[in-house]
Structure formats: structure tokens, C-alpha cells
Amino acid sequence: MGYSYFHYPTSWNNSFSATVGFSRNIKELWSISLDGGTNYVVSEVTVNQLVPVPGGLLSVRRQQSNYNWGWTGTVSLNYTGEYINGGLSYSNGLSVSPGLNGAAQLNSVALTGQYRFTYEFSSLHSISYTTYKANSSNYSSNVVQQKSLFVNNGFRYEFSREMAVEASYGYTRVSCPASTTEALNCPASTTNTVAERHVVSLSFYFQRFLFE
């Protein structure tokens, strides 16, 4: 069971979820896991509404309450070998829509992999595709229709069970299509706004086992 709260200047969401899951080994190296259930979202959104007045229309802001039932969950297929580990997963749920000042329904597919050259040295690979969607009066005061592609490749060296270092390169591409009927947080003069990010990172990890 879980609870999430998303608060923005023009909207807030309370999300209650309940899921049940299981995992099972299909074969010696393959396994599947599933965690799914339902969520209930109570949201308060500030929307603009056109009201007839003498001489034309007046845009006024009002509060709109929503009560929505939905489903949430994650399913994954995993492979664990001597040199190769990997997984393919799909997730659905309510999440923060990055940079769009609101919450949205998330759908994400991710593929991850690790190839171990030696016991200490391995390569890491991941790719994911995520969509965020919400109406202007549902979870957010803005229309949310965002698509994100993330690719990351790197190397990991483990000095011991307690210390490791990772070097990686990540690429993110975000697409935000414009709408002719409702305003998005994208330039209105374009039909498709795309942002790209390139990140090179070096990370050092240290952990200490308190009990063994």
C-alpha cells in the first residue's frame, strides 16, 4: 500500500494505491515478477474558464475537483547468467511530469543489461521510453503530452564489496508536441518541441555492512 502527494501552484493530487505481486523462476536463468493493483486519485486543479459577459467573453480561474480510479503496476522479465544480467520491464502509474508543473499518467518501458568481463569489471547498459499524459483539468492545470527517450552506457569497477566506481554517458531526448486547442508548456509557434541532454558522469560508491 502507498500514498503520494503532488503539490504545484495550480494543482495538487493525493494518490492512494494498493498492489499485490509475485515473482517466479521460469527457468534456471529466467524469472518474471509482477506487481499490480489500483490507485485512487483526489485532485484539485485550477482551470481557466470563459464566461459570457456584456461585450464578449471573460477568462476566469476556478477550482475543479476530480476523483479518479485507475490502475498501477510493474511487470518485468529478468535474466541472470554467469556473465550477462538483464531485464525488460513495463510500468504504469501516476508520476511527476518533468518540467511541466503537474502530475501525469506515466507509461514506461525499460531495458537494462550488464556484461561482466571479470569479477570486478563490467559494462552497464540501459534504454527506456516514457510517456506522460494528462488533461488540463485532470491531474494538472496544463495539458501534458510528453515523450522521453533515455539511453545510458557505462562501465563499473568494483574494488571490493564495499567500494566501486562508475563512469557513464547518458543521452535524453524529450518531445513535447504542441496543441492547436489547448496550451502546452511548449512554444505555440512550433508543432513539436524537442530538448536533448548529454551527461557524462563519474560516480564513486561506498557502503558499509553493519550486520553480516
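Start by selecting Met163: setting aside residues up to four places away in sequence, Met163 touches Glu158, Phe204, Tyr205 and Phe206, where contact means heavy atoms within 4.5 Å. What you have open is a predicted model, in which local features need pLDDT of at least 70, side-chain atom pairs count only at pLDDT 80 or more, and totals for chains, interfaces and linings use all residues. Residues are numbered from 1 along each chain as its sequence is written, and side-chain values use heavy atoms, with hydrogens and water left out.

Keep Phe204 highlighted too. The C-alpha atoms of Met163 and Phe204 are separated by 7.6 Å, although the two are 41 residues apart along the chain. Met163 lies in strand 9; strands (E, at least two residues) and helices (H or I, at least four) are DSSP runs, numbered from the N terminus. Is Met163 buried, exposed or partly exposed? Met163 counts as partly exposed, because its relative accessibility is 32%. Here buried means under 20% relative accessible area, exposed over 50%, and partly exposed in between (1.4 Å probe, protein chains only).

Next, select Glu166, which lies in strand 9 (residues 163-177). Glu166 is buried, because its relative accessible area is 17%. Beyond its neighbours within four places in sequence, Glu166 is in contact with residues including Leu124, Phe155 and Tyr205.

Now for the inside. Select Phe6, Tyr8, Val41, Leu94, Ala103, Ala104, Leu106, Tyr132, Ala134, Tyr139 and Val144: these 11 residues make up the largest nonpolar core, a set of buried Ala, Val, Leu, Ile, Met, Phe, Trp, Tyr and Cys residues joined through side-chain atoms within 4.5 Å. At least two residues of this core come from each of strand 1 (2-8), strand 6 (102-116) and strand 7 (121-134). Which strand gives the most to this core? Strand 6 does, with 3 residues.

Then color Leu88, found in strand 5 (residues 84-97). Leu88 counts as partly exposed, because its relative accessibility is 43%.

Finally, zoom out to the whole chain. You will find 10 strands and 0 helices, and 32% of the 212 residues count as buried.
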